[in-house]
Amino acid sequence: MNISDEELNRLVDWIQLYISKVKEIDSTLKEKFKTTNPLADWCSRKVSQEGVFAINGKRAFYYFHGIGCRISIGKEQIDFNYGINGRIDGFDPWRISLFLRDKSDDPLSTLSEGEIQNRFDLLEDKDVIQKTARFPGWHLYYFK
């Protein structure tokens, strides 16, 4: 397996874009529901498990699940989990592969979850990302 630094850097760029979109979504959900913690409000039934909202003038669908939320904006799918202390900047190979699926202009969009995991392992070896191994979000990686 020969993975170039250029490819790893592109993956890092995509992960950073994913995180910025998650932050924007979380901020929009907080504003929509007038809350500081949309997940807790869903768990306590103050917020509906699924629904529609607008983000940047586009219609978006949300669906809360477990410790996270899935957003659909057109063809784009963004799924994120709330991690330790409500962190939303965590990611894993499955969520990044889902995010990349509609990015057909980049060869990374064709990578399987396992192939992305291989690249995560390299990024972890290079001290770029790390896992917390703590609940909630024991499976999530974060930038160092």
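Buried means under 20% relative accessible area and exposed over 50%, with partly exposed in between (1.4 Å probe, protein chains only). This is a predicted model, where local features need pLDDT of at least 70, side-chain atom pairs count only at pLDDT 80 or more, and totals for chains, interfaces and linings use all residues. Residues are numbered from 1 along each chain as its sequence is written, and side-chain values use heavy atoms, with hydrogens and water left out.

View 1. Rings of Phe, Tyr and Trp (its six-membered ring) pair if their centres lie within 6.5 Å; planes under 30 degrees apart count as stacked, over 60 as edge-to-face and the rest as tilted. The model holds 11 aromatic pairs by this rule. Y18 belongs to helix α1 (residues 5-33) and F99 to helix α3 (residues 93-100), 81 residues apart; helices (H or I, at least four residues) and strands (E, at least two) are DSSP runs, numbered from the N terminus. Both Y18 and F99 are buried.

**View 2. F33 pairs with Y62.** Here the ring centres of F33 and Y62 are 5.5 Å apart with planes at 80°, so this pair is edge-to-face. F33 sits in helix α1 and Y62 in strand β2 (residues 58-65), 29 residues apart. Y62 has a relative accessible area of 5%, so Y62 is buried.

**View 3. Ring pairs build a cluster.** Its members are F33, W42, F53, Y62 and F64.

**View 4. Charges sit over two rings, Y142 and F99.** For this, NZ of Lys or CZ of Arg must be within 6 Å of the ring centre and within 35 degrees of the ring normal. R87 lies over the face of Y142, 3.9 Å from the ring centre, and K103 over the face of F99, at 4.0 Å.
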